[in-house]
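Visitor: I have a structure here that I would like to go through step by step. Could you guide me through a few of its features?

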Amino acid sequence: MGPARWLALGSILALGALLEGRLVGQEDAGFGECDQFFYAETPPAGLAAEGHVKICQRSEGTERFATLYSTRDHIPVYSAFRAPRLAPGGAEERWLVEPQIDDPTSNLEEVINEADAITSVNNLGSKQALNADYLDSGYQRGQLCPFSLSSDFHTATFTLTNAAPMTPSFQERWYMNLNSLMDRALTPQCGSGDDLYIITGAVPSEHKVKDKVTIPKFVWLAACCAVPGGGWAMGFVKHTRDGDVIEDVMVKDLEKLLPLNPQLFQNNCGETEQDTEKMKKILEMVNQIQDEERMVHSKESSRALPSTESKKSALLPPEASEERSSFFGKLMGFIASPFIKLFQLICYLVVGILKSTVYFLWCVTKQVINGIESCLYRLGSATVSYFLAIGEELASIPWKVLKVIMKIIKAILRILCCLLKAICRILGIPVRVLVDVATFPVYTVGAIPIVCKDIAVGLGGVVSLLFDTAFGTVGGFFRVVFSVCKQIGYRVTFDNSGEL
């Protein structure tokens, strides 16, 4: 066994001692010590299901990120981390497995090299992916929590429970998207980044690698910035189809795209206190990243420059290969490095100037277009209002004409009514006279018997009155005479009695 092999074996043993991935029991509500990687220390609600295993990934005695792993699809459901920092330098692949996933009774380290576990772990690979599943498949082990966003020498991310099958081209664009988003869009708008919570996940499709490891339908990222008074939440989706660029979505829309419609952040990451201005700045930067990705995709068929290849090698996990470079090749590379760096600097400056110029022209054009759109909108609104007013007036003309006609008809009817009343009154005078003249003889003839009767009654009354008067006068005269005689007779009698 050569020195290189002994060195590799020593590195594996040292890595096994450094790493410790703690499986969290199903009875635990969260991820134990790894709850710190979730907003409000609350994992997403609705994604945990039967066959999912919770893992708290540790390195050098420190928690690094949390993973929810699907033993059915053999890929992670999501990985959660926070405050990512771009780590310089490269990384040597040491893909590790979790023995306790397949054999809970195993006494091996929780994270260990596959070669060391294959002879002592029962049913190894029955519930998790192995390195052999990716061999000669055309797919690479794509990390959901990429090594380039880790600050612990990239070791904790090289576990197969943090990997899903990705084509080389898709893996390249995925890592470029993650680094660009974190470095240029998300972290700068969240203070120092200490309050930035990231969840990356994969949604399984119907296709599998070697009928075992499920190929993702799309991968996604959800970010929550919990800075007091200036927080925000954003989501991103990247489909595995060639040519698709990363898409920005709201977290609520992202949740609708995921299975079981989960809630990724408690209280939607403080939805009522989110800073819309920072979200606008993030979207502006995301638009630039999308434009750059489209340009890169359009040039994929062309030959890549050495500077581009070196930049990509810093973003991708290095593939294990034997040492082929000779001393002469290293010497030539050492001599050519300054010139390459100078060429890279010149290219970077030229590209930066061109990007700034194009961005400035784009901003000016956007402002001009917005001004023209505003003027056209106002002109259109005024025109529509003018025609609406004219239409209302034109529509009201028939009604007004009808009202005038009704008033005229009403006046004419009143005039006719007055005329009829006058005619009736005029015609009423002769009719009454004729009626009186016509009825006069009838009344006269009818009154003759009554008049004669009245005359006879009057004459009878007169005769009766005369008789009564005559008899009364004679009777009165006799009474007077009788009374006088009576008085005279009493006096003579009295005188005679005196004489006696």
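This is a predicted model: local features need pLDDT of at least 70, side-chain atom pairs count only at pLDDT 80 or more; totals for chains, interfaces and linings use all residues.

Visitor: How are helix H4 and helix H7 oriented to each other, roughly parallel or roughly antiparallel?
Guide: Helix H4, residues 168-186, packs with helix H7, residues 276-298, and their axes lie 10 Å apart at an angle of about 150°. Angles over 145 degrees count as roughly antiparallel. H4 and H7 are therefore roughly antiparallel.

Visitor: Which residues of H7 meet H4, and how do the residues of the contact divide?
Guide: From H4, the contact draws on Arg173, Asn177, Ser180, Leu181, Arg184, Ala185 and Leu186, which meet Ile282, Met285, Val286, Gln288, Ile289, Glu292, Glu293 and His297 in H7. The residues of this contact divide into 7 nonpolar, 4 polar and 4 charged.

Visitor: How many of the 19 residues of H4 are buried?
Guide: H4 reaches 25 Å from its first C-alpha to its last, close to the 27 Å expected. Buried means under 20% relative accessible area. H4 is largely enclosed by the rest of the structure, because the number of its 19 residues that are buried is 14.

Visitor: Is leucine 260 buried or exposed?
Guide: Leucine 260 is found in the loop between helix H5 (251-257) and helix H6 (267-270), and its C-alpha is 6.8 Å in space from that of leucine 47, although the two are 213 residues apart in sequence. With a relative accessible area of 60%, leucine 260 is exposed.

Methods:
Residues are numbered from 1 along each chain as its sequence is written. Side-chain values use heavy atoms; hydrogens and water are left out. Axes are lines fitted to C-alpha atoms, for helices over the stretch in contact, and angles run from 0 to 180 degrees between N-to-C directions. Helices (H or I, at least four residues) and strands (E, at least two) are DSSP runs, numbered from the N terminus. Angles under 35 degrees count as roughly parallel, over 145 as roughly antiparallel, 65 to 115 as roughly perpendicular and the rest as oblique. Contact means heavy atoms within 4.5 Å. Ala, Val, Leu, Ile, Met, Phe, Trp, Tyr, Cys and Pro count as nonpolar, Asp, Glu, Lys and Arg as charged, and the others, Gly among them, as polar. The expected span of a helix is 1.5 Å times one less than its number of residues. Buried means under 20% relative accessible area, exposed over 50%, partly exposed in between (1.4 Å probe, protein chains only).
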